[in-house]
Amino acid sequence: MTSLNAISLNKTKTLGPSIVCLATLIAFGPTVHPSYVTLDSAWLTTGNALLQRGEFDVVSKIWTDFSVGTRLTLGAEYLPVRDTSVWLDFLVFGERWAGHHLMNLLLYIIAALLFHRFAVNTWRDFKGPEKAEEWGLWC
């Protein structure tokens, strides 16, 4: 394979993920701003003293403490990944809300790229690599 063909192939392989990143940035980029969003649940963000503590024992409370007090503080449902994410946001960014929003944007981009990879692999397995190229799915 000539080096020109290798460069062309590399561009083709990065085109799909680049489009996914750009589309995600266009869709969710406006959410990165320096203020609190009123749609955020106050009991989870501004009013939650447990998640705002910068102590590492909070992680064990999030994952293993099923007492009524902790569950009422974190919400009725058991969502330790969400609660750990909010705690990490407060640990890293404090009340600088743009950081919280930027972290969410990065998570959206990662999720979109993972979905793109899943969709391309599923299509390739189902229809074959020739059909993936024919339909413009960049592998």
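Which residue forms a salt bridge with Glu77? The partner is Arg82, and the closest N and O atoms of the two are 3.3 Å apart. A salt bridge here is a side-chain nitrogen of Lys or Arg within 4 Å of a carboxyl oxygen of Asp or Glu. Before we go on, please note that this is a predicted model, in which local features need pLDDT of at least 70 and side-chain atom pairs count only at pLDDT 80 or more, while totals for chains, interfaces and linings use all residues. Residues are numbered from 1 along each chain as its sequence is written, and side-chain values use heavy atoms, with hydrogens and water left out.

Let's start with confidence. The predictor's confidence in each residue, pLDDT, runs from 0 to 100; the protein averages 82, and 78% of the residues score at least 70. Confidence is highest in helix 3, at a mean of 94, and lowest in helix 7 (residues 129-134), at 61. Helices are DSSP runs of H or I with at least four residues, strands are runs of E with at least two, and both are numbered from the N terminus.

Back to the charged side chains. The whole structure holds 5 salt bridges. Side chains of opposite charge can pair when their charged atoms come close. In the opening pair, Glu77 is partly exposed at 35% relative accessibility, and Arg82 is partly exposed at 24%. The scale calls a residue buried under 20% relative accessible area, exposed over 50% and partly exposed in between, using a 1.4 Å probe and protein chains only. Another bridge joins Asp57 to Arg53 at 3.1 Å, N to O, and a network of salt bridges links Arg53, Glu55 and Asp57. Lys61 pairs with Asp65, with 3.8 Å between the closest N and O atoms; here Lys61 is partly exposed at 28%, whereas Asp65 is buried at 19%.

Now for the nonpolar interior. A nonpolar core is a set of buried Ala, Val, Leu, Ile, Met, Phe, Trp, Tyr and Cys residues joined through side-chain atoms within 4.5 Å. The largest one has 10 residues, among them Leu44, Ile62, Trp87, Phe90 and Trp97. Helix 2, helix 3 and helix 5 each give two or more residues to this core, and helix 5 supplies the largest share, 3 residues. Contact means heavy atoms within 4.5 Å. Setting aside neighbours within four places in sequence, Leu44 is in contact with Leu51, Arg82, Asp83, Val86 and Phe90.

The aromatic rings come next. Rings of Phe, Tyr and Trp (its six-membered ring) pair if their centres lie within 6.5 Å, and planes under 30 degrees apart count as stacked, over 60 as edge-to-face and the rest as tilted. That rule gives 5 aromatic pairs. One of them is the edge-to-face pair of Phe56 and Trp87, 5.7 Å centre to centre with 70° between the planes. Phe56 lies in the loop between helix 2 (49-52) and helix 3 (57-64) and Trp87 in helix 5 (residues 80-93), so this pair ties together parts that are 31 residues apart in sequence. Phe56 is exposed at 63%, while Trp87 is buried at 2%. Phe90 and Trp97 are also edge-to-face, because their ring centres are 5.8 Å apart and their planes lie at 80°. Both Phe90 and Trp97 are buried.

Our last stop is Leu105, in helix 6 (residues 97-127). Leu105 is buried, with a relative accessible area of 6%. Beyond its neighbours within four places in sequence, Leu105 is in contact with Thr24, Leu25, Phe28, Gly29 and Val32. Leu105 and Pro30 are 75 residues apart in sequence, and their C-alpha atoms are 9.7 Å apart in space.
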